[in-house]
Structures are given as C-alpha cells and as structure tokens.
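The sequence and model come first.

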Amino acid sequence: MAKTAPRTVLITGCSSGIGLRMAVQLAQDPGKRFHVIATMRDLRKKDKLEAAAGDTLNKTLTIQRLDVCSEESVTECISSLPGKQLDVLVNNAGVGLVGPVESISIDDMKRVFETNFFGAVRMIKAVLPEMKQRQKGHIVVISSVMGLQGVPFNDVYAASKFAMEGFCESLAVQLLKFNIFVSLVEPGPVNTEFEMKLMEEVARSEFPGADAATVHYFKDIYLPASHEIFTTMGQTPEAVAKAVVNVIAKERPPFRTQTNALYTPLVALKYADTSGNLSVGTYYNLLFRFTGLFHLSMSFLKCITCSCFRRRVTPA
Ligand SMILES: NC(=O)C1=CN([C@@H]2O[C@H](COP(=O)(O)OP(=O)(O)OC[C@H]3O[C@@H](n4cnc5c(N)ncnc54)[C@H](OP(=O)(O)O)[C@@H]3O)[C@@H](O)[C@H]2O)C=CC1
Ligand SMILES: CC1=C(/C=C/C(C)=C/C=C/C(C)=C/C=O)C(C)(C)CCC1
C-alpha cells in the first residue's frame, strides 16, 4: 500500500509549555505522519525546543519565526511554506491576565485580546483561502475551560477565550462545506510557565484603582485557592499535548475536547441550571464561604471524578 505523505502541521507559540510539547510529540510520531513547523515570536528562545526535538530537528521538525500579533510576520511565515500549503494549523500562542478589573488598564486588556483572539483569527485568515481551495484542512485552537466557564479575577482572559469559542462555533459550520474541520481543545490548569508569568505580573502590581477589600479577596483568598487548583488538578503539558495529537490524528476530529476530567464537573454546572445560579453560587461558595474547606472540596471533586467511579457498575 502506498504510504501517504506526512501532513504539515504549523503550531504557534512553541518556545515553551504546551506548544513545545505538541511540536515534539508530533515530530516524534512513530508513524512519521507529520511534518511540524514549530513557530515562536522570538528565535532567541529556540534552545529548549531544539534540545527537546533531538534528532527530529530539521527532519520532521523545523523552527520558524512567527509573531501572531504581526501581520507582516504571519504573511512572511505562511509565504515561506511550499505552495503556502498547510494541512493543520494549531493556534496555541496565548497569554494570561489575572487581577481585579479596576486595576487593569484597557491597553493591557487589549493586549490579551490581540494575542488570544485577534492573533488566532489572523492565522486562520492567512490559511483559509488555500485550505478552501484544496477543500482540505484542520484548524485547532487551544482554548481553555475558561472559554466555557468564567473564573473570578480572570475576567478578561476568560472573555478572550469565550470570544474564540464563539468565533469557532460560527466558523466550524461554514467550513464543513469545504471539508475543513475546526477543533477547540479546552484544558483546565496546566503546569507550564503560564502560572509563573502571571505570578510575576501580580508581584509587580500595586493594584491601582482597586479598593482594599477587593485586593484582599484577590491576594489572600483567590491566589492561594488558585495555586491549590494548579497543585491538585494541574495537568502536565505532555498530557495536554497528547490529547491534541489524538485530535489531530483523527479522520473526523471532534469539535470540542476537554482534557481534564477532574475539571469537567465545574464546567458542567452551567448546563445543569440554565438560570446560571448554580454555577455562580457554587463558585461563590467554593471561593468565599467554604474557604477553609476548599482543600476538602477539591479532594472530593477529585474523588468523584476519578477512574474508579467511572467504571461501569454491574448489577449484583
Ligand atoms: N497553562 C494553563 O493553565 C492553560 C493554558 N491554556 C492555553 O494554552 C496555550 C499555551 O499556554 P501554555 O503553554 O500554558 O503557556 P506558556 O506561557 O508556556 O506558552 C505560551 C506561548 O505563547 C507564546 N506567545 C505569546 N504571545 C505570542 C505572540 N504574539 N506570537 C507568538 N507566540 C506568542 C509564548 O511565547 P514567548 O515565550 O515569546 O512569550 C509561548 O511560547 C495558551 O493559549 C493558553 O491560553 C489553556 C488552558 C490552561
Ligand atoms: C475552579 C475554581 C477556582 C479556580 C479555578 C482556576 C484557577 C482555574 C484555572 C484555569 C486555567 C489556568 C485555565 C487556563 O486557561 C476558584 C476560583 C479558585 C474557586 C472556585 C472554583
């Protein structure tokens, strides 16, 4: 049987975290099904990826510069591809933002949307004409559970991921007519440099414009609880990358994939009560009322969602 040519996969934001791991896993695919174009905005950061790529470097993985916020950089990168052709686009580049809204400037909020929303949209616009012409392609977006359910003090980040979800829900239907698939991957907390970068920003901020009570809720209640969530529920970037590789490898890829079964019940609350009171109330209680019991709540959640409860129950 004739071997099919490897599929070209371009990934944004490969200098660290999930992007770096996805690039390496795809490049090391035992069936050599993929050729990876691993991109990053600053090539001075390529050492980590080069080391992780090992002997796949310049064979099944090549590194290119791409800043999703720059029209020029996107055009230059896409134009350099043979036939400007791409089989899979993975929109991974993203930035977080956390803190009381009163203390965040509109310019800082816009920067989050520039990367997380307009950056991904710019990439999609750049590859769509060729994909439509060939009637073939797959667009993957690393969204978040925060694209489905907001989390206190993450208002703007969540909004940027919600925006992406709405955009993709609309686009996916039209693109099916052209045999192009859209997939949203929605990880919960992942232990990458993402949290550390946020904490560095928090450490620098004096929260101008926010009242003392709000700063107290953020620093003394939210931040420790959030850290606890990363510790108890956080996935590795390798696990998330593996989930994305599975989605890419499917002949008919799913539109949505949540990667963290422990987090799914926290998202499901909004579908269980359409008034929204169940999710708002539960998040309020978890954060402000059962603060002391937070650890216990998380252990309970971990317990009810673990694999032994998922096993099929057989009648006695
Ligand atoms: N970590 C988490 O808990 C979760 C993360 N996500 C999402 O996963 C994705 C990857 O994040 P993660 O790996 O965790 O975080 P990292 O901070 O490790 O990686 C983010 C990557 O995005 C890149 N990036 C930022 N801005 C741009 C830009 N303008 N152009 C190109 N690349 C850019 C960064 O490059 P540079 O090094 O130059 O800054 C970096 O390579 C993001 O979209 C994030 O929102 C989703 C759910 C949970
Ligand atoms: C669930 C939950 C919390 C925190 C959730 C966090 C911190 C999720 C982080 C998700 C990330 C980092 C997604 C990235 O895209 C709180 C507010 C502590 C208490 C209420 C319940």
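My entries on the ligand and on two residues follow.

**Conventions.** I worked from a predicted model, in which local features need pLDDT of at least 70 and side-chain atom pairs count only at pLDDT 80 or more, while totals for chains, interfaces and linings use all residues. Residues are numbered from 1 along each chain as its sequence is written, chains are lettered from A and ligands numbered from 1 in the order in which they are written, and side-chain values use heavy atoms, with hydrogens and water left out.

**Entry 1: ligand 1.** I first asked how many residues surround ligand 1. I found 31, the closest being Ser-15, Arg-41, Tyr-157, Thr-192 and Lys-197 (a residue is near if one of its heavy atoms lies within 4 Å). By class, I noted 14 nonpolar, 11 polar and 6 charged residues in this shell; Ala, Val, Leu, Ile, Met, Phe, Trp, Tyr, Cys and Pro count as nonpolar, Asp, Glu, Lys and Arg as charged, and the others, Gly among them, as polar.

I then looked up polar contacts, here pairs of N or O atoms within 3.5 Å. An oxygen atom of ligand 1 lies 3.2 Å from a polar backbone atom of Gly-13. An oxygen atom of the ligand is 2.7 Å from a side-chain N or O atom of Arg-41, and a nitrogen atom of the ligand is 2.9 Å from a side-chain N or O atom of Asp-67. Taken alone, ligand 1 exposes 890 Å², of which the protein buries 97% (Shrake-Rupley method, 1.4 Å probe).

Helix 1 (17–27), helix 5 and helix 6 (193–204) each give two or more residues to the shell. Helix 6 has the largest share, 3 residues. Helices are DSSP runs of H or I with at least four residues, and strands are runs of E with at least two, numbered from the N terminus.

Entry 2: I located Ser-144 in the loop between strand 5 (137–142) and helix 5 (155–176). Is Ser-144 buried or exposed? Ser-144 counts as buried because its relative accessibility is 7% (buried is under 20%, exposed over 50%, partly exposed in between; 1.4 Å probe, protein chains only). Leaving out residues up to four places away in sequence, Ser-144 touches Tyr-157, Lys-161, Glu-165, Val-185, Glu-186 and Pro-187 (contact means heavy atoms within 4.5 Å). A polar side-chain atom of Ser-144 lies 2.8 Å from the backbone nitrogen of Met-146.

**Entry 3: Phe-288.** I placed Phe-288 in helix 10 (residues 277–289). At 31% relative accessibility, Phe-288 counts as partly exposed.

Conventions. Polar contact = N/O pair within 3.5 Å; in protein donor to acceptor, adjacent residues only side chain to side chain.
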